[in-house]
4 protein chains.
Amino acid sequence: MRKSGTQSETFNKIVEASLQLFNQEGERVITTNHIAERMNISTGKLYYHFRNKEEIINELYHRYVKGMAEQLSAALNHNNSIEAMVMAMEKTLRHIWSFRFLPKSLPSLFCVNPQLEEEHQQLSRGQLNSKLGQLFASLREQGMLLVDDQQLAHLVQHFQMVQTGWVNTIKQNASAAELDKLIQSGCRSLMFLLAPYVSPRFQSPFERVFSRYA
Amino acid sequence: MRKSGTQSETFNKIVEASLQLFNQEGERVITTNHIAERMNISTGKLYYHFRNKEEIINELYHRYVKGMAEQLSAALNHNNSIEAMVMAMEKTLRHIWSFRFLPKSLPSLFCVNPQLEEEHQQLSRGQLNSKLGQLFASLREQGMLLVDDQQLAHLVQHFQMVQTGWVNTIKQNASAAELDKLIQSGCRSLMFLLAPYVSPRFQSPFERVFSRYA
Amino acid sequence: MRKSGTQSETFNKIVEASLQLFNQEGERVITTNHIAERMNISTGKLYYHFRNKEEIINELYHRYVKGMAEQLSAALNHNNSIEAMVMAMEKTLRHIWSFRFLPKSLPSLFCVNPQLEEEHQQLSRGQLNSKLGQLFASLREQGMLLVDDQQLAHLVQHFQMVQTGWVNTIKQNASAAELDKLIQSGCRSLMFLLAPYVSPRFQSPFERVFSRYA
Amino acid sequence: MRKSGTQSETFNKIVEASLQLFNQEGERVITTNHIAERMNISTGKLYYHFRNKEEIINELYHRYVKGMAEQLSAALNHNNSIEAMVMAMEKTLRHIWSFRFLPKSLPSLFCVNPQLEEEHQQLSRGQLNSKLGQLFASLREQGMLLVDDQQLAHLVQHFQMVQTGWVNTIKQNASAAELDKLIQSGCRSLMFLLAPYVSPRFQSPFERVFSRYA
DNA sequence: CATGAATGAGCTTTCATTCAT
DNA sequence: AATGAATGAAAGCTCATTCAT
C-alpha cells in the first residue's frame with residue numbers, strides 16, 4: 001500500500017495527530033476511530049496508510065529513536081563544554097516529553113506487540129545505549145569524567161532510567177510554564193547522576209551550571 | 001455483597017491468580033474472563049468479589065505498596081551493616097519482581113483509572129518515598145553515607161527510578177536461575193548509585209559486598 | 001415454602017420495602033438484590049419468602065386491588081352525600097399514589113408476566129370496574145347522577161383512565177405538600193368527569209365542593 | 001460516525017424493526033441483540049447507527065410525537081364538520097396504535113432515561129397539549145363546543161388520558177379486524193367525553209355520527 | 001486514493017435464582 | 001429459617017479491521 005520511501009502528507013498528519021492524542025489522552029484509550037475522527041478523515045483512509053494501530057505506534061517509536069539519536073550525535077559534536085552538554089540534555093528531555101506516551105505505554109505494549117519489544121532491545125537498549133556510551137567515553141577522553149568502563153556502563157544505564165523515570169513523574173498535561181520548570185529539574189537530576197564523576201578540573205564550571213538550574 | 005473488611009479465600013485466590021496472569025501475560029491482555037477461566041470459576045463469582053478489573057488492580061497495588069513499606073521498615077531496623085542493607089535490597093527487588101506487571105502497567109493505567117494515579121502520588125511518591133528518605137538519613141547518621149539533604153533527595157528519587165527501570169529491562173518470563181542473576185545485577189546497579197557517597201570508613205566493606213555481586 | 005395463610009413479619013417487611021423502592025426508584029431498576037440489601041437481609045431469605053420478583057409484585061398488586069375495593073365499598077356505604085363521595089375520592093387517590101409504581105409498570109410488565117395481565121383483566125377491569133359501576137348506579141338511584149346505562153359504562157371507564165392518567169402525570173418523588181395539591185387537582189379532575197351528569201337537585205352542593213378544590 | 005441529520009436507509013430499517021418488535025413483544029423484553037438478530041445484521045451495525053437502545057426509543061418517540069402533531073394540524077384545517085373531526089380521531093387512534101408500545105413503556109422508562117421524561121413533559125404535555133387545546137378552542141369558535149376555558153383545559157387532559165388508557169386496554173396483538181372494532185369503540189369513547197359540551201346546533205349531526213360507531 | 005458502513009469477536013457487567021451449609 | 005457465595009445466561013457495548021463502492 002504505502003510506498004515505504006515516500007511518506008505522504010496524510011501519512012505524516014496521521015502520525016502527528018496520533019502523537020498528540022496519545023500524549024494527551026493516553027495511547028491505551030485512543031482508538032483508530034478517535035484518530036480518524038479527530039482528523040476528519042475516514043477510517044478507511046487511515047487504514048490505507050497504516051495496516052493497523054501498531055504500525056502507527058511503530059512509526060512513532062522510530063521517530064522517537066531517530067530524534068534521540070540525533071540529539072546524541074549533536075551532543076557528541078559539542079562535547080567540549082559543559083554548557084553545551086546541558087543544552088543537549090534539555091533538548092533531549094524536550095524530545096522525550098514530546099513523545100511522552102512512549103515511556104508510559106511501551107512496557108505495557110510489549111505483550112501485545114512483541115516485535116516492538118525486540119526493536120526496543122535493538123534500538124533503545126542497543127543503538128541509543130551505545131551512542132550514549134560513546135558520548136560519555138568522549139567526555140572521559142576530554143577529561144571531563146573520571147570513570148572506568150564499568151562505571152561508564154552503569155552511568156549510561158542510569159542516565160536512561162532517570163530520563164524515563166522523569167517523564168513518568170509528570171502528569172499527562174502540564175502547561176508550557178510547568179514544563180519549563182520540570183525540564184530544569186530533570187536536567188538537574190541528570191547532572192546529579194554525573195556529579196560524582198566530574199573531574200576536579202571541570203568541577204567549578206559544572207557547579208556553576210548546576211546551580212543555575214536550582 | 002462482599003464485606004470489604006473480611007478477605008475471603010476466594011478473594012485472595014482471585015488476587016493471586018490475577019497477579020500471576022498479569023505478570024506472565026501482561027495486564028493489558030488479561031481480561032476478567034481470562035482470570036475466571038483460569039480459575040475455573042464463573043465470571044459472576046469474580047464479580048461478586050470485585051466490582052471490576054480496576055478493583056483487582058487496586059488491591060494488587062495496595063499489596064505491592066504494603067510489601068515495599070515492610071521491606072523498608074525491616075531495612076531501617078537493620079541499618080547498621082552493609083550486608084544487611086544489601087540483603088534488604090535483594091528482598092525488595094524480589095518483591096518488585098513478583099509484582100512486575102505494576103511498574104509496566106501503572107503509567108498506562110493512569111489514563112483509564114485516575115483514582116489510581118492519585119493513590120500512586122500519595123503512596124509511592126509520598127509514603128514510600130519518605131520512608132526511603134528516612135532510611136538514607138539513618139545511614140547518614142550511622143556515618144555510612146556522606147550526603148547533604150539535596151543529595152539525599154536525589155538519591156531517593158534515583159533509587160526508585162532505577163528499581164523501576166530495572167524491572168522494565170527484564171523480559172516478561174525469566175527463569176528462576178536468570179532471575180537470580182538479574183537480582184544480583186540489580187543490586188549492583190543500586191549499590192553503584194550509592195557508591196560515590198559511601199564514607200571512607202565503610203568503603204572497604206562496601207567494596208567487598210559490591211564485588212561479590214559482580 | 002411460605003404458608004399462604006400466615007404472612008410472616010418478614011414477608012410483610014419485604015413487601016413494604018419493595019413497595020417503597022419500586023415507588024421511589026422505579027420497579028424496573030430495582031432488583032431483588034437491592035431489596036435484600038436495603039433490608040439488610042440475605043438474598044436467600046428473600047427467596048425463602050418469595051419464589052421470585054414477580055411474586056412480590058403480584059402480592060403488591062393484590063394489596064393494591066384490595067385497597068381499591070375497600071375504598072369503593074366504603075364509598076358505597078356513604079353514597080348519600082357529595083362530600084362523602086369526594087372524601088372517598090381523595091382516599092382513593094392517596095391509595096393509588098402509595099402504589100404509584102403499579103400504574104407506571106403494569107403495562108410494561110405484562111409482556112414479562114402474562115399471568116399478571118390475566119389477573120389484571122379479572123380484577124381491575126373486572127371486579128373493580130363493576131364495583132365502580134355499582135357505585136355510580138347507586139348514585140343514580142339516589143338521584144345524584146342522571147345517566148343511562150351506556151353513559152354509566154363510559155363514565156366508569158373514563159373514571160379509571162383519569163385516575164391512572166393522573167398518577168402518571170406526577171413526577172416520581174413529590175413532597176407531601178406537593179402531593180396534597182396534586183390530590184386536590186386530581187379530585188377536581190375526576191369531579192369534572194361527573195359534572196355534566198349531576199342532577200339539578202345536587203348541582204349546588206356539587207358546585208360548592210368543586211369550587212373548594214379550585 | 002453516523003451523521004445525525006441524514007437518516008440512512010439502515011437507520012430507518014432499524015427504527016422500523018424496533019417498532020415492530022417493541023409493539024409485538026414489549027419494549028422491555030426486546031434487546032438490541034434481538035433487533036439485530038431479527039434484521040440479520042450484526043450488533044456492530046446497529047451500534048454504528050445508534051449509540052444505544054435509548055436512542056432508538058428516542059427516535060421512535062419523536063416520530064410518534066411528529067405524527068400526533070400532524071394529525072392535530074390536519075384536524076385544525078378540517079374543523080368545520082363533525083365527520084371530519086371523527087375521521088381525524090380515527091387516524092389518531094390508528095397512529096397511537098402503531099406506536100402502542102410507547103404509552104405502555106414510557107412511564108416505566110422514565111426512571112431509566114430521565115432525559116426522555118423531560119422531553120415528554122415538553123412535547124406531549126407541552127406542545128401536543130396546546131395543539132389539542134387550540135383545536136378545541138377553534139371548535140368552540142365554530143360554535144360546536146360550549147365550554148369555558150377551565151372546562152376546555154380539563155377536556156384536553158381527559159382526551160389525552162382516554163387516548164392513552166384506550167391503548168392500554170387492548171391486548172398486545174389484536175388482529176386487523178379486532179383493531180377496527182377497537183378503533184370504533186375508542187372513537188366512541190372520545191366522543192362521549194365531548195358529548196356533554198356539544199352545542200344544541202350540532203347535537204343532531206353529532207348524534208348521527210356517534211350512533212354510527214355503536 | 002478515499003469513503004464509511006459493516007463486521008464480529010469479545011469485553012465488561014448484571015441479576016434472577018440456586019444451593020450447600 | 002437463614003446465609004451469602006456462587007451460577008451462568010445474557011445484556012450492552014467497543015473497536016480493530018475489512019470491503020464494496
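What follows covers the basis of the model, the chain contacts and the cysteines.

## Basis of the model

This is a predicted model, in which local features need pLDDT of at least 70 and side-chain atom pairs count only at pLDDT 80 or more, while totals for chains, interfaces and linings use all residues. Residues are numbered from 1 along each chain as its sequence is written, chains are lettered from A and ligands numbered from 1 in the order in which they are written, and side-chain values use heavy atoms, with hydrogens and water left out.

## Where chains C and D meet

In chain C, 36 residues are in contact with 36 residues of chain D (contact: heavy atoms within 4.5 Å). Together the two chains bury about 3,000 Å², 60% of it on carbon and sulfur atoms; buried area is the accessible area (1.4 Å probe) that two parts lose on being put together, summed over both. On the chain C side, C:Arg28, C:Met161 and C:Phe192 lose the most area to chain D, together 25% of what that side buries.

C:Arg28 also pairs with D:Glu27 in a salt bridge at 2.8 Å, N to O (a Lys or Arg side-chain nitrogen within 4 Å of an Asp or Glu carboxyl oxygen). Chains C and D share 2 salt bridges.

## Chains that stay apart

Chains A and C do not touch, with their nearest C-alpha atoms 30 Å apart. Chains B and D have no contact either, and their closest C-alpha atoms lie 21 Å apart.

## Cysteines

Over all chains there are 0 disulfides (cysteine sulfur pairs within 2.5 Å). The sulfur of C:Cys111 is 14 Å from the closest cysteine sulfur, in D:Cys111, so the two are too far apart for a bond.
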